Amino acid sequence: MLDQGSAPSDDRGQGAAPVVRARSLVLGYGEREAVRGIDLDVRRGEFLAVIGPSGSGKSTLMLAMNGSVPVRSGTLVVDGQEPSGLHGAALERFRSRIGFVFQSFHLVGRLPVLHNVGSGLLARMPVVRAMLQWYTTEHYASILEFLRAVELEDRVLDRCDQLSGGQKQRVAIARALAQRPSLILADEPISALDPVSARRVMEILRRAAREYGLTVVCNLHQLDVAKAFADRVLALDDGRVVFDGPPEDLTESVVSRIYRGAPSPAEGLADIA
Ligand code: ADP
């Protein structure tokens, strides 16, 4: 089991320091402001879905949490550090504590599942071991544990390019777990998947997050999925927060305000959630 184990109940409470804290956060590119004054606390163990129309600022907010987009004004603290102020080795160390799950998986297809998940352990291994992918018995045990968490322990020696899209995304989740992260950032993790695989990936991500007491921030295009799987939903529109609350408060009228008459992305996806 991981250090984090299952999160103790008091650690998930309102009183614990949030894993992500933003205050009056403004982000942008050149002249353009992409995030315009966001306040946000994400608690330890919380599964936050971020929704909103295309261009509303979801990816920019996530990239700032990873230190890839600098803070223009306001503050952003992630796992006790301001990513914007980190550079070089300090930024690498910070990023090693954040698991990323991408829409396009970002696995090395020609390598077996074993090494793709093992790469999540690298930041905690001595350099020579990491370069040689020379795992100890404990490393193998960890890799198998994380593969069990995503129900793929029987595929450990298969090349990743022989897996289905849903299986690849589950390997990516196992790799993120292997980093022993304090935060998982999942950017549209099911956009490239069929509805059945998408549902399975979301179930596994939520279960793994709960089992290990992890905080997850998940950008989602599919409103139904956000409502079915998240503890809390944050909706952005034009860089501003237009909804922040439990999924059950996302009523039809709230949704139509968020998408301002545009067809909501929930349509046609009821079979996933
Ligand atoms: P979302 O993830 O909700 O689709 P983004 O965060 O990607 O939204 O984009 C928010 C705004 O920032 C949009 O207006 C977009 O055009 C702009 N933007 C995103 N990335 C860049 C970039 N690399 N350079 C310039 N503008 C960008």
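In the predicted model, the ligand is surrounded by Tyr29, Arg32, Ala34, Gly52, Ser54, Gly55, Ser56, Gly57, Lys58, Ser59 and Thr60. Two elements, β2 (32-42) and α1 (58-65), each give two or more residues to this shell. The largest contribution comes from α1, with three residues. By residue class, the shell holds seven polar, two charged and two nonpolar members.

Most of α6 is covered, with 12 of its 14 residues buried. The buried set comprises Gln167, Lys168, Gln169, Arg170, Val171, Ala172, Ile173, Ala174, Arg175, Ala176, Leu177 and Ala178. The cover over these residues includes two strands, β5 (98-102) and β6 (183-187). It also includes the helices α3 (113-118), α5 (137-149) and α7 (195-212). Just after α6, Arg180 adopts a positive phi of about 50°.

The largest nonpolar core contains 74 residues. Ala174 is among those with the most contacts inside this core, together with Leu48, Val216 and Val217. Leaving aside residues up to four places away in sequence, Ala174 touches Val117, Phe146, Leu147, Ala149, Val150 and Leu152. In soluble globular proteins, nonpolar side chains tend to be buried together.

Key: Residues are numbered from 1 along each chain as its sequence is written. This is a predicted model: local features need pLDDT of at least 70, side-chain atom pairs count only at pLDDT 80 or more; totals for chains, interfaces and linings use all residues. A residue is near a molecule or strand if its C-beta atom, placed from the backbone, lies within 6 Å of it. Helices (H or I, at least four residues) and strands (E, at least two) are DSSP runs, numbered from the N terminus. Ala, Val, Leu, Ile, Met, Phe, Trp, Tyr, Cys and Pro count as nonpolar, Asp, Glu, Lys and Arg as charged, and the others, Gly among them, as polar. A residue is buried if 20 or more other C-beta atoms lie within 10 Å of its own, exposed if 12 or fewer, and partly exposed in between; C-beta atoms are placed from the backbone. Two residues are in contact if their C-beta atoms, placed from the backbone, lie within 7 Å. A nonpolar core is a set of buried Ala, Val, Leu, Ile, Met, Phe, Trp, Tyr and Cys residues joined through C-beta atoms within 7 Å.
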